[in-house]
Amino acid sequence: MSKNFSQGKKNNADDEFEAGIATKSRAKTKRPSLYRVLLLNDDYTPMDFVIHILQDVFNKSSDDAVKIMLLVHNQGKGDCGVFPYEVAETKVTHVMDKAIKNSHPLKCVMEKQ
């Protein structure tokens, strides 16, 4: 029993089909929401500790860390970066843990961008 598929058709009348390209529609994925991580000013946390946090947790250069620290000091808050939710939450937790461990009242928050 031989079948002829050269033209993309099956010769059996009961099972006729056309050859074609199978397409599958994909659901469009939504980009995750981004969150800004901010350090808040207080009157007790040393500037050197804030610079250390910015370099250690947020991988900022020395110059960038000083600039952000001065924003925190002068304007009450400083932007440390924009991250997906899980990353932002982890960074806030790390900052708060380090502040508590070192007996500083430094506050770090995240807000939806």
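## Salt bridges

Asp-56 and Lys-98 pair through their side chains in a salt bridge, N to O 2.7 Å (a side-chain nitrogen of Lys or Arg within 4 Å of a carboxyl oxygen of Asp or Glu). This pair ties helix α1 to helix α3 (residues 85-101), 42 residues apart. Helices (H or I, at least four residues) and strands (E, at least two) are DSSP runs. The model is predicted: local features need pLDDT of at least 70, side-chain atom pairs need 80 or more, and totals for chains, interfaces and linings use all residues. Numbering starts from 1 along each chain as its sequence is written, and side-chain values use heavy atoms, without hydrogens or water.

The whole structure holds three salt bridges. Arg-36 bonds to Asp-79 at 3.5 Å between the closest N and O atoms. Strand β1 holds Arg-36 and strand β2 (residues 77-84) holds Asp-79. Glu-111 also meets Arg-36, at 3.6 Å, N to O.

## Asp-42

Asp-42 sits in the loop between β1 (34-40) and α1 (47-56). Asp-42 is buried and has no salt bridge; buried means under 20% relative accessible area (1.4 Å probe, protein chains only). Lys-107, the nearest side chain of opposite charge, is 8.0 Å away. The Asp-42 side chain reaches the backbone nitrogen of Tyr-44 at 2.8 Å. A polar atom of that side chain lies 2.6 Å from the backbone nitrogen of Thr-45.

## Largest pocket

The largest pocket has a volume of about 150 Å³. Its lining includes Asp-42, Thr-45 and Leu-106. Helix α2 supplies the largest share, three residues.

Note on methods
Buried < 20%, exposed > 50% of the residue type's maximum accessible area, 1.4 Å probe, protein only. Lys, Arg positive; Asp, Glu negative; His and termini not counted. Polar contact = N/O pair within 3.5 Å; in protein donor to acceptor, adjacent residues only side chain to side chain. 1 Å grid on protein atoms, 1.4 Å probe; cavity = no way out; pocket = protein on both sides within 12 Å on 5 of 7 lines; lining within 4 Å. Points joined across faces, edges and corners; volume = space filled by probe spheres on them.
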